[in-house]
Amino acid sequence: MTYLSISNVSKAFSNTPVVSDFNLEVDKGEFVSFLGPSGCGKTTTLRMIAGFELPTSGVIRLENEDITYKAPNQRNVGMVFQSYALFPNLTLAQNIGFGLDVRKTPKDMIQVRVNEMLALIHLEEFGKRYPHQLSGGQQQRVALARALAIRPRVLLLDEPLSALDAKIRVELRSEIRNIQQKLGITTIYVTHDQEEALSISDRVVVMGLGHIEQVGTPNEIYNYPKTEFVASFVGQLNLVPVAVLNASQGLVRIGSQTVQTQQISEKVGSDHPSLAVRPEELHLGHAEDANNLHGKVDTITYLGAIVRIRLDIDGHFVSMDLFNERKLALPKVGEPIEIHFPVHACWLL
Amino acid sequence: MKRAFNLRYSLRRFPFWSWLWFILGALYFILPLYATLDFSLRMKRGVISLQAYSSAFSDPQFFQTFLFSNLMALATIFISLVLIVPTCYWIRLRVPAARRIVEFITLMPFVIPAIILVFGLIAIYGAPINIPFTSINLLAPLTESDLGTNLLLAAGYIVLAMPYMYRAVDTGLQAMNMRALTEAAQSLGANWFTIMIRVIFPNLRSALLSGALLTFAIVVGEVTISSFLNRPAFGPYLWLLGQHRSYEPAALAFFSFLLTWAAMGLIQLVSGGQGQVSGAH
């Protein structure tokens, strides 16, 4: 049975719609990420689940209980904020125990739970310190422990890693996932970082301009994007204007060269179709049973583990990603080259 | 040669202009204070003594008026905090558009003189207040009793101190990321009362102390409202003393300075150990 259900939820601020007809069902113990660019309504949706914003229309149900208009302090929903929001006047132990104290839990039980939480976030020795005596990453771990201490029905995380540096971000996101799996807590995670969403989520909700573009597993979102928005927002994507030669055979033309795609549905038989192919699907050289294209090297950019080559194919620019191996033989800028990619790797939008 | 170079290097590193302005500024404040202190110690001709202080402190009216003003100051601070902190907090949290209007209102005491305020208070609350178009008495004249007049006096003080208290609280709230702290507390199950008492007030500690100190200074030195309401306050006492004595007012003025410094020291002491506000890294 659905644990958290968001049905037909919309939200407008002064007649400006921010979230439109949002529908989502989340199972118990599931980790769902809301992914999208700034202003797409992901944080507003999260805040409606927390009770900090009231929907203009729609219903939010948690464990089959209508919580749409319930006060935030009566929902038993844990929240972690981007700015940590730790109480500066309280020690870490007092911060973690705050929610239990508010619930009038006996002092000895609060102490036991606080110790459990400090152990969970590996900060056992720091209970008596104040928030300003910790690093950003440590503060956010405390914020997580504080939200978990009350045994919330749902854990909500609003871009919790945005204020941290890259290395800590990667470490902390796997820690969040480990803790979530260990406790089996239903979690909604808001982020604009696609790598973050894809790496820790059971399902990802991609949002654009207040509505859901696609809901799916990370694999579905990345490899089978349903809309142009999802395809271009998640990962790198080449979109090359093409002319359809034969829809039933999946033949299209880029400039003077022919490309074989999978069968073209009627839906994409629009006036200006584009061929979509991810840069990592392209390879140097010629291959049988694949699409082969001739072009010219425009630029070469080193991105650490990856080398990105920008090609000019009959006036259309296409990016190709290669693993940066030591013995990688790179072409020179301006040099004509041939590339290939499998038929299944490209589709029409 | 090397020594000369070191001296020149040290001189170049010495922040001459900074020190010059600092010393000039310090002299501007310290010299009048020193002059007051010096004058207050010369009551006995040709001898340095504490005669003026013992004379001022031995006057029973001094303690009576000083105690009264201190109690009024505490009452004013308490009522101001209860009124202003939740108001300012709610405006920042829920109706930020009203901030400009409220700021304008809080500036009114700078524009309306205390004399107008006290006459307004006496005109309205010096007569019985009836329900409009009836003879049903709603409120007896407040000026007929000591308690009622003290209430009017506190109300006048609250208005006079409002610009300082409001700004202190508003600045404190601005610095503490109150929205996130409020939401964090709410998500943990706290109601509004708990949030105010356990989150907002403790984190506004230094701002509240600053506002309280300013309120205290205003109330203790205020003359107009307390004179017209005929209350035994310290301000009118000091003013009257200055009319017919010379050394005692100087002694009491220096004493007031010491009190202010003690209060500022207290603020440093209390706010010094306070944690940094969230997000201020």
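Which residue of β15(A) does A:Asn238 stand opposite? The residue is A:Val277. This is a predicted model, in which local features need pLDDT of at least 70, side-chain atom pairs count only at pLDDT 80 or more, and totals for chains, interfaces and linings use all residues. Residues are numbered from 1 along each chain as its sequence is written, while chains are lettered from A and ligands numbered from 1 in the order in which they are written.

**Chain A**

Chain A has eight helices and 21 strands; helices (H or I, at least four residues) and strands (E, at least two) are DSSP runs, numbered from the N terminus. The C-alpha trace of chain A spans about 75 × 50 × 35 Å along its principal axes. Of the 349 residues in chain A, 40% are buried, that is, with 20 or more other C-beta atoms, placed from the backbone, within 10 Å of their own. Among the contacts in chain A with a separation of 6 or more, 64% join residues 24 or more positions apart; a contact requires C-beta atoms, placed from the backbone, within 7 Å.

Three strands of chain A form an open sheet in the order β11-β15-β21, with antiparallel pairing. Two strands pair if DSSP finds at least two bridges between them. β11(A) and β15(A) are joined in the antiparallel sense over four bridges. Because β11 and β21 of chain A stand at the edges with a single partner strand each, one side of each has no neighbour in the sheet. From one strand to the next the twist averages 25°, taken between lines fitted to C-alpha atoms, with angles from 0 to 180 degrees between N-to-C directions.

| Strand | Residues |
|---|---|
| β11(A) | 238–241 |
| β15(A) | 274–277 |
| β21(A) | 346–348 |

**Chain B and the interface**

B:Asn177, which follows α7(B), has a positive phi near 50°.

The contact between the chains takes 24 residues from chain A and 22 residues from chain B. On the chain B side, α8 (178–187) and α9 (192–203) each supply at least two residues, and α8(B) gives the largest share, six residues.

Note on methods: Two residues are in contact if their C-beta atoms, placed from the backbone, lie within 7 Å. A residue is buried if 20 or more other C-beta atoms lie within 10 Å of its own, exposed if 12 or fewer, and partly exposed in between; C-beta atoms are placed from the backbone.
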